[in-house]
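Visitor: I am new to this structure and would like to know what the labels rest on.
Guide: Then let us look at it and take the labels one by one.

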Amino acid sequence: MQGRGPLATVQVVEPGRARPVALPAGRAVVFGSGAASQVRVSDARWAPRQLSLTAQADGVALEALAGDEGVRLDEVPLGAAALLQPGDELRLGEVRLLVALARPTEDVSRVRLAGAEELLVR
């Protein structure tokens, strides 16, 4: 399922900034506070390799790499693994990850993501 297929995006919201991260179909992307993570966050409560997200046909598979302590999914404590859907929110410390799915496009840079303020209003 690599290359073509569903494409997920995650809006990484940190104090003072928000940025989109594209999740290629079928390939895990690691989020954490350390250099070994593909997506680094600035909150010290995050482990160097906190969690892994993989876009797949039925949602975004989440694997807690550093345990699930303190991670909340839609304000509920997270289990070790979950299947995320559009609109789901992960939170640990001051960092939030907002999940969205997009139709595959030839040019991923053309996918529009709403900013943090717009998402909060919605």
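**Labels and their cut-offs**

Visitor: Why is D43 called buried?
Guide: D43 has a relative accessible area of 9%. Buried means under 20% relative accessible area, exposed over 50%, and partly exposed in between, with a 1.4 Å probe and protein chains only. D43 therefore counts as buried.

Visitor: What kind of model is this?
Guide: This is a predicted model, in which local features need pLDDT of at least 70, side-chain atom pairs count only at pLDDT 80 or more, and totals for chains, interfaces and linings use all residues. Residues are numbered from 1 along each chain as its sequence is written, and side-chain values use heavy atoms, without hydrogens and water.

Visitor: What makes D43 and R45 a salt bridge?
Guide: The N to O distance between their side chains is 3.0 Å. A salt bridge needs a side-chain nitrogen of Lys or Arg within 4 Å of a carboxyl oxygen of Asp or Glu, so the pair qualifies. R45 is exposed, at 52% relative accessible area.

Visitor: Why are E75 and R91 called partly exposed?
Guide: E75 has 44% relative accessibility and R91 has 29%, so both values fall in the partly exposed range. Salt bridges with shared partners join R72, E75, E89, R91 and R96 into one network.

Visitor: What makes a set of residues a nonpolar core?
Guide: The set consists of buried Ala, Val, Leu, Ile, Met, Phe, Trp, Tyr and Cys residues joined through side-chain atoms within 4.5 Å. The largest one here has 24 residues, and V12 and F31 are among those with the most contacts inside it. Strands that each supply at least two of its residues include β1 (7–14) and β11 (95–102).

Key
Helices (H or I, at least four residues) and strands (E, at least two) are DSSP runs, numbered from the N terminus.
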